[in-house]
Amino acid sequence: MATRSVQLVCLLIFSTAIIKTASAKINESFKQEKGIDHAYFVDRSIVQNALSKGAVCLDGSPPAYHLDRGFGHGVRNWIILLSGGAWCRNITDCLNRSKTDLGSSKLMTPFIFLGIFSKSKSENPDFYNWNKVFVRYCDGGGFTGDIESIDPATNLHFRGARIFDAVIEDLLAKGLKDAKNAILSGGSANGYPAVLYCDRFHNLLHKAHRVKCLVDAGYFIHVKNPRLANVFESLFRDVVTLHGSIKVLPKSCTSKMKPELCFFPENIQQDIKTPFFTVMSAFDSYQVDNIIGSNIGECIRARNCTESQNNDFKGLYIYTWVK
């Protein structure tokens, strides 16, 4: 019995060594292929206790994130990024999504850290030694869903809001509660929850000197032109309805307008007390493609846009950004 136990331990150690060696080879191969010197892969961390709270991905698997620990004078500083990836607005979309890493932690692999998540002081002087967390997006509802019932025919779970709470609780236990400085950021579809949960996040960090939030390419606008506005209004209406998002939307907003309009950051930002910043192109490709049409970028490059497309493009700018 003792001999078998030793054999199993040796097998586990040997297997772990193989995995680490393979990961290192992939890491180096990726760097060479992309010409990136300071990129590195970080393994996923599964939030196991999330299952008991019903905080699960679309397919019912527990949520996950990638954590790279801070060091030196950055050991009490944290930057947390809610990863993007659009939304699923109907059962078919969500079923397809549940079979990918945007709907199941079972399919998530190590994630590449670079740029603002780099360890290189020369490349990332402000955050190189901070605790860096990349939260995987697997609910399809922008971390806002909270529906208790599960249709046995699909086994889809709409629990994004619970995932956010479970992940933050797990990180608090791993040192976030002692943070000196902290940033909650969100990219693309999850720029919105970075605003929505900004104050709640701040209120959890009692020892922090500074807490700020960042919307990175996720400030989708409610254009004034009714015809153009309908694209995102319709999308957000479907998301809010399917995922049960109204439970977490600010009542200060839903008491004044339709719930889907409260999915636009501009309609909730006035109530956010914590400082937050927005990085967003006036002509963000995702936004422009979805509001005006998926071929708008192609016609701009080819310089053969129709008069109607040009008018829509100008109108998007005038109605939205020119005050």
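Let's start with the disulfides of the protein chain: with bonded cysteines counted along the chain, they follow the pattern 1-4, 2-3, 5-6, 7-8, 9-10. A disulfide here is a pair of cysteine sulfur atoms within 2.5 Å, and by this rule the count comes to 5 disulfides. Before I go on, a word on the model: it is predicted, so local features need pLDDT of at least 70 and side-chain atom pairs count only at pLDDT 80 or more, while totals for chains, interfaces and linings use all residues. Residues are numbered from 1 along each chain as its sequence is written, and side-chain values use heavy atoms, with hydrogens and water left out.

Now, let me walk you through some of these links. Cys57 is joined to Cys138, with 2.1 Å from S to S. Which parts of the chain does this pair link? Distant ones: Cys57 sits in the loop between S2 and S3, Cys138 in the loop between S6 and H3, and they are 81 residues apart. Those H and S names are DSSP runs numbered from the N terminus: helices are H or I with at least four residues, strands are E with at least two. The torsion about the S-S bond of Cys57 and Cys138 is -75°, a left-handed link.

Are these two cysteines buried or exposed? I call a residue buried under 20% relative accessible area, exposed over 50%, and partly exposed in between, using a 1.4 Å probe and protein chains only. Cys57 is buried because its relative accessibility is 0%, and Cys138 is buried too, at 1%.

Next comes the disulfide between Cys88 and Cys94, again with an S to S distance of 2.1 Å. This link is right-handed, with 90° about the S-S bond. Cys88 counts as buried at 1%, and Cys94 counts as buried at 0%.

Then there is Cys253, bonded to Cys262 at 2.1 Å from S to S. Why is this disulfide called left-handed? Because the torsion about the S-S bond of Cys253 and Cys262 is about -100°. Cys253 has 1% relative accessibility, so it counts as buried, and Cys262 is buried at 0%.

Trp87 is buried, as its relative accessible area is 9%. Take a look at Gly142 as well: Trp87 and Gly142 are 55 residues apart in sequence, and their C-alpha atoms are 6.8 Å apart in space.

On to the sheet. In what order do its strands run? The open sheet has 7 strands in the order S2-S3-S6-S4-S7-S8-S9, and the pairing is mixed. Two strands pair if DSSP finds at least two bridges between them. At the edges are strand S2 (44–46) and strand S9 (276–279), each pairing on one side only. From one strand to the next, the twist averages 25°.

Inside that order, strand S4 (residues 77–82) and strand S6 (residues 131–135) pair in the parallel sense over 5 bridges. Leu81 stands opposite Phe134 in S6. Helix H3 (residues 160–173) packs on the sheet, touching strand S3 (64–68), S4, S6 and strand S7 (181–187). Touching means contact, that is, heavy atoms within 4.5 Å. The direction of H3 makes about 160° with that of S4; axes are lines fitted to C-alpha atoms, for helices over the stretch in contact, and angles run from 0 to 180 degrees between N-to-C directions.

How many residues does H6 have? H6 has 18 residues and reaches 25 Å from its first C-alpha to its last, close to the 26 Å expected at 1.5 Å a residue; that expected span is 1.5 Å times one less than the number of residues. H6 bends by about 25° at Phe232, where the bend is the angle between axes fitted to the seven residues ending there and the seven starting there. Several residues in H6 are buried, among them Leu228, Phe232, Leu235, Phe236 and Val239. An α-helix has 3.6 residues a turn, so residues three or four places apart point the same way. Just after H6, Gly244 takes a positive phi of about 70°.

Finally, two residues other than glycine also have positive phi. Ala217, in the loop between strand S8 (210–216) and helix H6 (226–243), has a phi near 55° and is partly exposed at 26%. Arg303 has a phi near 55° and lies in the loop between helix H9 (296–302) and helix H10 (307–320). Arg303 is exposed, because its relative accessible area is 79%.
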